[in-house]
Amino acid sequence: MQSWSDTAVPTVPGSGPALRLYDTADRQVRPVTPGRTATMYVCGITPYDATHLGHAATYLTFDLVNRIWRDGGHEVHYVQNVTDVDDPLFERAERDGIDWRELGSREIDLFREDMRELRVIPPRHYVGAIESVQEVVELVDKLLACGAAYVVDDPDHPDIYFRHDATEQFGYESGYDRATMERFFAERGGDPQRPGKRDPIDPLLWRAVRPGEPSWPAPFGEGRPGWHIECAAIALNRIGTEFDVQGGGSDLIYPHHEYSSAHAEALVKGRRFARHYVHAGLIGLDGEKMSKSRGNLVFVSKLRRSGTDPAAIRLGLFAGHYRQDREWSDTVLAEALSRLDRWRTATALTSGPAAEDTVARLRQHLADDLDTPKALAAVDSWAQQAVNYGGSDTAAPGLVRDAVDALLGIRL
């Protein structure tokens with residue numbers, strides 16, 4: 001699948017400290033230790049609606065990781081999927097009287113456009129579930145062969161499920177107890193009441209063919225992939241196990257990331273799927289989580305069409321720490337627009353106060369678990385001094401402009 005077009009990233013003199021990120025599995029902030037090439041897998045959209053600010057907050061979080069690695073001299077092998085075959089897509093297409101393939105294609109195009117306008121660096125591999133079906137088939141076959149998967153006793157619908165206890169370390173990524181797992185499994189796409197399963201929280205690997213649903217051939221019977229196995233197969237075949245960062249929103253901690261990890265680890269014993277599991281907080285509106293079910297979504301494309309500068313969207317979402325659940329509001333946007341105007345005014349000056357310390361602090365705060373509030377404050381301080389008191393360093397405005405572009409993805 002075609003990714004979106006690349007965005008230019010300036011080179012900034014010097015370097016900053018190594019990146020440290022909070023690892024969900026270890027419950028602490030610790031160093032990320034990539035080799036020359038840093039590797040990252042971020043779970044993509046299910047394309048049945050437009051990109052909302054909750055999506056944007058997640059992808060902007062991992063865009064920061066990408067930029068910090070690049071600023072530190074690393075190449076970045078970034079992989080993202082698209083779940084372009086799944087129940088929500090079929091349900092929305094039926095509701096709207098449109099073919100599910102057409103709906104998916106339309107929303108993927110809009111997502112690419114939103115990411116490009118937000119200046120998110122594109123992944124090296126942007127992979128749809130449909131194009132990875134054969135990879136899923138091969139992985140399910142291996143899981144059946146090693147006893148980590150089983151076929152339910154249902155001659156009409158012989159679905160295949162994963163034994164959640166197939167790995168000794170199952171549950172390490174989320175750290176949730178059984179009751180919490182059962183609750184989230186039921187709320188987030190699981191099927192605990194499915195007859196024939198060995199355990200209510202065993203996840204679906206392969207859904208046997210049903211009338212009116214798309215399906216693909218497989219040695220164990222025609223059907224289509226489950227959700228979690230898709231990401232396991234795509235990641236394994238492009239960056240392997242023990243890659244540096246698996247990312248997504250905090251609502252993916254369980255079941256999605258727990259199971260995609262377990263699927264891979266059932267075959268590669270004793271090795272973690274990812275070295276870091278990193279999760280972005282959720283975005284709310286009027287005191288509630290932003291979600292399709294609540295009908296309270298703020299769409300990136302609608303903001304753009306209304307004339308909102310995408311740089312202000314970035315700044316508004318960076319005003320809070322990425323791990324915090326936080327609110328979007330007209331006030332957040334107004335403050336972001338005001339900040340963007342101040343920064344542009346300051347960097348348009350022909351000279352200003354020396355900026356090397358500001359760039360160093362910007363790098364330091366971002367390397368410290370992506371502390372964007374402190375990073376923005378560092379630039380605020382320089383901009384205020386430049387506008388109010390001026391300075392004699394003719395290179396300073398350009399240095400700040402390049403650093404804000406390279407590290408925060410904001411073009412001034």
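The axes of helices H11 and H13 come within 10 Å of each other and cross at roughly 10°; axes here are lines fitted to C-alpha atoms, for helices over the stretch in contact, and angles run from 0 to 180 degrees between N-to-C directions. Keep in mind that this is a predicted model: local features need pLDDT of at least 70 and side-chain atom pairs count only at pLDDT 80 or more, while totals for chains, interfaces and linings use all residues. Residues are numbered from 1 along each chain as its sequence is written, and side-chain values use heavy atoms, with hydrogens and water left out.

**Helix packing around H13**

- Helices (H or I, at least four residues) and strands (E, at least two) are DSSP runs, numbered from the N terminus.
- H11 covers residues 356–367, and H13 covers residues 396–408.
- H11 and H13 count as roughly parallel to each other, because angles under 35 degrees get that label, while over 145 is roughly antiparallel, 65 to 115 roughly perpendicular and the rest oblique.
- On the H11 side, the contact (heavy atoms within 4.5 Å) uses Glu356, Val359, Leu362, Arg363 and Leu366.
- H13 answers with Leu399, Ala403, Val404, Leu407 and Leu408.
- Sorted by class, this H11–H13 contact has eight nonpolar, no polar and two charged residues; Ala, Val, Leu, Ile, Met, Phe, Trp, Tyr, Cys and Pro count as nonpolar, Asp, Glu, Lys and Arg as charged, and the others, Gly among them, as polar.
- H13 also packs against H12 (residues 372–389), at an angle of about 165° and with the axes 12 Å apart.
- That makes H12 and H13 roughly antiparallel.
- The H12–H13 crossing is left-handed, meaning that the near helix is turned anticlockwise from the far one by less than a right angle (clockwise would be right-handed).
- Leu376, Val379 and Trp382 of H12 meet Ala396, Pro397, Val400, Val404 and Leu408 of H13.
- The H12–H13 contact holds eight nonpolar residues, with no polar and no charged ones.
- Val404 and Leu408 of H13 turn up in the contact with H11 and also in the contact with H12.

**The loop between H12 and H13**

- Alanine 395 sits in the loop that links H12 to H13.
- Alanine 395 is exposed, at 52% relative accessibility; the cut-offs are under 20% relative accessible area for buried, over 50% for exposed and in between for partly exposed (1.4 Å probe, protein chains only).
- From alanine 395 to alanine 406 is 11 residues in sequence and 16 Å in space, C-alpha to C-alpha.

**The annotated binding site**

- An unreviewed UniProt entry annotates Cys43, Cys231 and His256 as "binding site"; UniProt positions follow the numbering used here, feature names are shortened, and annotations may be inferred rather than shown by experiment.
- These residues are spread over 214 residues of sequence yet cluster in space, with a largest C-alpha distance of 9.3 Å.
- Cysteine 43 lies in the loop between strand S3 (37–42) and helix H1 (53–71), and is buried at 5% relative accessibility.
- Beyond its neighbours within four places in sequence, cysteine 43 has contacts that include Cys231, His256, His257, Tyr59 and Gln80.
- Leaving out residues up to four places away in sequence, histidine 256 touches Cys43, Trp227, His228 and Cys231.
- Cys231 is among the buried residues of helix H6 (residues 227–238), along with His228, Ile229, Glu230, Ala232, Ala233, Ile234 and Ala235.

- Tyrosine 254 and proline 255 are joined by a cis peptide bond, with omega about 10°; proline 255 is in H7.
- Glycine 240 follows H6 and has a positive phi, near 75°.
- Arginine 27 has a positive phi of about 60° despite not being a glycine.
- You'll find arginine 27 in the loop between strand S1 (20–23) and strand S2 (28–31), partly exposed at 40% relative accessibility.
- Aspartate 369, another non-glycine, has a positive phi of about 55°.
- Aspartate 369 is in the loop between H11 and H12 and is buried, with a relative accessible area of 4%.
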